[in-house]
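Open the model in your viewer and keep the selection tool at hand.

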Amino acid sequence: MGEGSRRRALVLDGAAACAFTLLPQVSLLRPAVDGGTGGGLLWLLSLGAGLPLTVRRLWPVPVFVVVLAAACGALAAGLGPASFLAAAYAVHMVATTRRRDPGVSAVAVAGLCAAVAAVLTLSGGQSYQGGSTAVQAVFGLLVLGATWAAGSAVRERRRSTRRAIEHAAEQAKTEERLRIARDIHDVVTHSVGLIAVKAGIANHVVATRPEEAKEALAVIEDVSRRALRDMRATLTVLRGEDRSEAGDLRPARGLADLPALLGTAEAAGVRVELRTRYDQEPPEGVALAAFRIVQEALTNVVKHAAPTGCRVDVTAREGVLTVDVTDDGPGPPGRRTAVPGSGMGLVGMKERTAAHGGTLSAGPRPGGGFRVTATLPFQV
């Protein structure tokens, strides 16, 4: 609770204390006081039941005990049950701040107390002037019970709200960790897969075709630098550091970066044909998901089918971004380098698609090769 809220709460409690102090003085709420009781005792008991309420937020239980004792004293002195309203105001704070859970449903207690209090009020309202002390005591206890139950319900609602907030926070953290894990996986597998392929080619032709081996090593150097840049950018986000000085460390995140991605795949022996049509500009998050899906699909083509041909179709129209990546199947085995896979790439693509409410299909083509199709709905 902020300083302003705490000050307002103290002002509210002070006003309530004054009101509950004056409440027993209202002639309609108390029986006639005989001459032996005197007005001094009435004021003393009223002050004892009202003034402690100013500090009920600081010491809830002691304040309730003092106010309840004053209310019982007022009832025994024949001053009526009005002071039990002050005790109810005090017990509400106890109910909302206690740590132990109730043994009986607060809703059931509240319903029973409210029903009995209503019956007593409707059938014997005149008892405040001439009713027995027992009836007044029962009425006061019912008010306390109903207030206790209401406070318990408020406390449970606050606990439920707090648990919901904590659960949402934990879920957000989990989703953020999964997102970062997917980004790291995409960067690492894409880059390392290309490096492995080109390193295998370089090792295979270094003795007979040194120029081709030199070209493969140049590709490895370029891919390695890009991988380190993208990894630093991802770790910068993970650490929550200021990225204003990151410069060119931002990893490729949009559909405009697809040509550079395709160029890297072509350097690994995949002939890529890119076709795009954007009737609508998708949001940044959807564009990033599409980029990562294309990246992972091309990584799989490089690892399992290069050298080969591949087509990438990206279309955005009528609120749906469609990504379609197909390849012609494995090339000649003599020039292929087997790169093992973990299967996490397809899992990551499915997670990215599901995060935007889309669908993903991946599997072999009837005429040979492999096809990945993802649909990502979006709103402009």
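Start at the surface. Select Leu22, Trp43, Leu47 and Leu51: together they form a nonpolar surface patch with about 370 Å² of accessible area. Patch members have over 30% relative accessible area and no salt bridge; like charges are joined within 9 Å, nonpolar side chains (Val, Leu, Ile, Met, Phe, Trp, Tyr) within 5 Å. A salt bridge here is a side-chain nitrogen of Lys or Arg within 4 Å of a carboxyl oxygen of Asp or Glu. Areas come from the Shrake-Rupley method with a 1.4 Å probe; for residues, only the protein chains shown count as cover.

A note on the model: it is predicted, so local features need pLDDT of at least 70 and side-chain atom pairs pLDDT 80 or more, while totals for chains, interfaces and linings use all residues. Numbering runs from 1 along each chain as its sequence is written, and side-chain values use heavy atoms, without hydrogens or water.

Find it in the loop between helix H2 (38–50) and helix H3 (60–76). Helices (H or I, at least four residues) and strands (E, at least two) are DSSP runs, numbered from the N terminus. Leu51 is partly exposed because its relative accessibility is 46%; buried means under 20%, exposed over 50%, partly exposed in between.

Next, jump to Thr326 in strand S3 (residues 320–327). At 7% relative accessibility, Thr326 is buried. Show its contacts (heavy atoms within 4.5 Å): leaving out residues up to four places away in sequence, Thr326 touches Gly309, Cys310, Arg311, Arg365, Phe370 and Arg371.

Finally, zoom out. The protein has eleven helices and five strands. Of its 380 residues, 40% are buried.

Conventions. Buried < 20%, exposed > 50% of the residue type's maximum accessible area, 1.4 Å probe, protein only.
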